[in-house]
Amino acid sequence: KTQKMLIKKDSFGIILLCNAIFFIVAAYLLPIRFETNDDVGMLLLASGKYTGTPEMFIAYIHCFYGWAISGLYKLYPYWEWYTLSFCIFHILANSVITGFLLKQGKTNLSRILLIGFFCVLELRFIQNLQFTTTSSLMVISGLLLMPESNKLRSLVGMLFVLIGFMFRLEAAIFVLILGVPYLIVKYNWGKNNRPFRTYILLLIMLISMVALKMTDDYMYSRTKAWNIFREQSGLLRLIDNPSVHLLSEQHNLPKGIKDEDFKLLLKFFIDGSVFTKQTLSALNEKISQIPIFYKLPHVVKSLRSYSH
């Protein structure tokens, strides 16, 4: 009983400290880097190293977060605020998840196994920092906090979910689709922890997400150049599509696109005179027309590459 009480009330500071030490040591020993060049591009924009002045519009992450990070670069440009903020959010999210896993373990051995497994995953996340992973961790930790009977923890949980949503909309929605039904069924969310307040918080969270998305779209639409930049960035996501190689293999490229130019595109060597908004849209349309039974083997192949 004493051990359970310590876990519930007095140990978050210790868990936070242990996670901070684990993250710092791992980041020092491992060859830490960004997993994709998307983060590199957004870092260059936010820090001002791309355009000459820190920008709040950084393509994939919400402009509100871009405004906050670019503001920090303006105040003190000598720290890498983009990367540092990811590290801080990783530590906070991992501390919440670690505390949850400690409560789930019924014996010390089960707790050690649960924490050990999560640490192995986190080592992979630290070694390959990515805004999508950070988004997922923030939403997971937020969903774990929201059903808490403590009002402050519930509000912090909702804030974590919204921050994760600002990092990467698609990743946040995916985690929510998987996580909310699980919490409702597994923990009778809304029955043991004041149902009215819980569902009100969930409603506020969903309304806030819609408001954030509409605000982001509006802010980009005010500046034509940045709006075009975001549209182009969205169209270029086809490079990450597991089925994109089928267009070349099946000789199904749109007219005007040579196979050599297409292969260079997949390696991020983009010829702007060839790959305009129209041609990129045509490529995305071609991918959407590929039958599902052709796509599945490439999805499996892509997943296998991530497992190695």
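Student: Which residues are linked in a network of salt bridges?
Tutor: First, a caveat: this is a predicted model, where local features need pLDDT of at least 70 and side-chain atom pairs count only at pLDDT 80 or more, while totals for chains, interfaces and linings use all residues. Numbering runs from 1 along each chain as its sequence is written, and side-chain values use heavy atoms, leaving out hydrogens and water. A salt bridge here is a side-chain nitrogen of Lys or Arg within 4 Å of a carboxyl oxygen of Asp or Glu. The network built from such pairs links Lys213, Asp216, Asp217 and Arg230.

Student: How many residues apart in sequence are the parts that Glu80 and Lys49 tie together?
Tutor: Glu80 forms a salt bridge with Lys49, with the closest N and O atoms 3.5 Å apart. Glu80 sits in the loop between helix H4 (63–75) and H5, and Lys49 in the loop between helix H3 (37–47) and H4, so the parts they tie together are separated in sequence by 31 residues. Helices are DSSP runs of H or I, at least four residues, numbered from the N terminus.

Student: Which residue forms a salt bridge with Glu231?
Tutor: Glu231 is in helix H11 (residues 224–235), and its partner is 46 residues apart, in helix H14 (residues 277–288). The closest N and O atoms are 2.8 Å apart, and the partner is Lys277.

Terms used: Helices (H or I, at least four residues) and strands (E, at least two) are DSSP runs, numbered from the N terminus.
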